[in-house]
Amino acid sequence: MNELEANLTALAERESVVRAWVHRHPDEELRQAARALPDGPLHGWTLGVKDVIDTFDLPTERGSPIYAGRQTVNDAACVALARRAGALVIGKTVTTEFALFTANVTTSPHDPTRSPGGSSSGSAAAVAAGMTRAAFGTQTVGSVIRPAAFCGVVGFKCTHQAVPMTGIATLAHSLDTLGWFTRSVDDAATLYRALSGAEAPSPDERRRRFGLYRAHQWPSAQPEQKQVLETAASALDAAGAQVIEIDPLPHLQDMFSASETIMAYESSRAFAWEREHHADLLDRRIHKLLTNGDRVTAAAYGDAKRAVAAAAETHDRWLIANEVDALVTPSAPGEAPLLATTGDSVFNRVWTLLGGPAAHLPTGRGPLGLPVGVQLTGRRWDDLDLLATAQFAETALADPERDRSTR
């Protein structure tokens with residue numbers, strides 16, 4: 001059975017429970033399209049597209065009734081690049097309302113009573129359930145890394161603006177970043193090269209150096225997440241890497257609050273039209289965020305932006321000076337919560353704010369049998385180096401149950 005047929009079988013068997021898709025091309029239409037795909041690094045890859053990313057052939061509704069049936073005449077840049085590289089778009093995956101925090105219909109492929117995370121819920125669940133080889137998501141706070149953690153797949157968020165955001169709905173323009181879900185780091189790296197034009201690096205056999213970083217938000221970690229971080233450190237050390245303990249870094253201490261300031265200020269302005277014309281169709285939690293943004297002064301926003309710029313430069317210099325290839329940090333507080341919530345982005349916010357690449361690696365299971373894993377973060381514009389480091393870590397941290405069916 002070829003990959004497309006395997007995906008279509010998984011869709012037929014699992015979509016009624018997982019509910020990962022909001023719009024999808026008919027099976028026969030996909031089979032016909034698969035025969036005429038261009039050659040390229042993604043030739044024959046099946047791809048899901050988060051429903052905040054424009055596609056010329058399917059609606060982009062942003063998880064909101066305000067945009068029901070909305071369809072553009074063009075693809076977002078990332079979709080056009082993927083198609084040019086040979087990918088086959090299966091359909092649009094479910095997102096939360098405007099890629100924020102209101103839980104939608106998608107369920108975890110591991111337990112239908114559990115959340116797949118947000119806001120890229122459908123994309124992560126579709127890959128985890130075997131419905132597509134890869135899927136696009138976006139991350140403004142934690143919307144790639146956290147769903148990857150809850151669904152037990154590889155998640156990668158590239159450096160901010162490494163891939164153009166043209167054709168992707170804006171939430172907070174200085175935070176919004178493209179990301180994607182795959183079942184291996186090798187696939188994540190291939191997708192990055194196809195979208196960015198970066199060349200594959202030469203083989204690098206040097207000893208990798210990891211910083212074990214519990215972060216200022218460490219008290220939010222559940223026992224299973226604390227344990228998986230310790231286990232990861234031991235496994236990396238056993239694989240020949242150097243692992244060093246990192247105390248909470250002073251230059252990151254105020255970044256959590258800076259992120260909240262920037263997101264509130266930018267989103268309150270990004271949604272000016274929706275608030276003016278369709279305020280009654282916005283969830284109350286969105287109203288709260290936007291109202292908070294109204295209270296942020298331009299001066300406070302400017303102060304936050306300057307502080308972030310300084311911290312990002314300091315952080316990159318610190319990583320270089322200490323020869324750290326990646327920080328190993330929590331991806332999420334623990335296993336996936338119940339469906340009423342999309343989970344807490346407490347361990348993602350600062351890394352998104354700094355603008356560097358981040359990857360989630362699934363490493364095992366928690367006490368409920370649900371996926372857990374670790375997050376690797378790296379230097380801005382060193383995406384391929386982080387991915388190479390993640391490939392080393394993926395081997396060292398291999399979960400023997402990772403490829404087991406979730407049916």
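Q: Which strands does helix α7 lie across, and at what angle does α7 run to β11?
A: This is a predicted model, so the answer describes computed geometry. Helix α7 covers residues 223–238. It lies across β7 (209–213), β8, β9 (326–330), β10 (358–365) and β11 (371–377), and its angle to β11 is about 60°.

Q: In what order do the strands of the eleven-stranded open sheet stand?
A: The sheet has mixed pairing. Its neighbouring strands are turned by 30° against each other on average, direction ignored. Read across the sheet, the order is β1-β3-β2-β4-β6-β5-β10-β11-β9-β7-β8.

Q: Which strands stand at the edges of this sheet?
A: An edge strand here has a single partner strand, so one side of it is left without a neighbour in the sheet. That describes β1 (21–24) and β8 (242–246).

Q: How many nonpolar residues does the contact of α8 with α11 have?
A: On the α8 side the contact includes Met-255, Ala-258 and Ile-262, and on the α11 side Ala-304, Val-308 and Ala-311 are among the residues met. The contact also has one polar and two charged residues. The nonpolar ones come to eleven.

Q: How are α8 and α10 oriented to each other?
A: The axes of α8 and helix α10 (residues 284–294) come within 7 Å. Residues of α8 including Met-263 and Arg-269 meet residues of α10 including Leu-289 and Asp-294, and by class this contact has five nonpolar, four polar and two charged residues. The axes cross at roughly 105°. Angles of 65 to 115 degrees count as roughly perpendicular, so α8 and α10 are roughly perpendicular.

Q: How are α6 and α13 oriented to each other?
A: Helix α6 (residues 185–196) and helix α13 (residues 383–396) have axes that come within 9 Å and cross at roughly 165°. The crossing is left-handed. Because angles over 145 degrees count as roughly antiparallel, α6 and α13 are roughly antiparallel.

Q: How many residues apart are Tyr-67 and Trp-273?
A: These two form a tilted aromatic pair, 6.4 Å centre to centre, with 45° between the planes. Tyr-67 is in the loop between β2 and α3 (77–84), while Trp-273 is in helix α9 (residues 272–278). The pair links distant parts of the chain, and the separation is 206 residues.

Q: What joins Gly-118 and Ser-119?
A: Most peptide bonds are trans. Ser-119 has its place in the loop between β3 (88–93) and α4 (121–128). With omega about 0°, what joins Gly-118 and Ser-119 is a cis peptide bond.

Q: What is the phi of Ala-215?
A: Most residues other than glycine have a negative phi. Ala-215 is found in the loop between β7 and α7. Although Ala-215 is not a glycine, its phi is positive, about 70°.

Terms used
Residues are numbered from 1 along each chain as its sequence is written. This is a predicted model: local features need pLDDT of at least 70, side-chain atom pairs count only at pLDDT 80 or more; totals for chains, interfaces and linings use all residues. Side-chain values use heavy atoms; hydrogens and water are left out. Contact means heavy atoms within 4.5 Å. Helices (H or I, at least four residues) and strands (E, at least two) are DSSP runs, numbered from the N terminus. Ala, Val, Leu, Ile, Met, Phe, Trp, Tyr, Cys and Pro count as nonpolar, Asp, Glu, Lys and Arg as charged, and the others, Gly among them, as polar. Two strands pair if DSSP finds at least two bridges between them. Axes are lines fitted to C-alpha atoms, for helices over the stretch in contact, and angles run from 0 to 180 degrees between N-to-C directions. Rings of Phe, Tyr and Trp (its six-membered ring) pair if their centres lie within 6.5 Å; planes under 30 degrees apart count as stacked, over 60 as edge-to-face and the rest as tilted. Angles under 35 degrees count as roughly parallel, over 145 as roughly antiparallel, 65 to 115 as roughly perpendicular and the rest as oblique. A crossing is left-handed if the near helix is turned anticlockwise from the far one by less than a right angle, and right-handed if clockwise.
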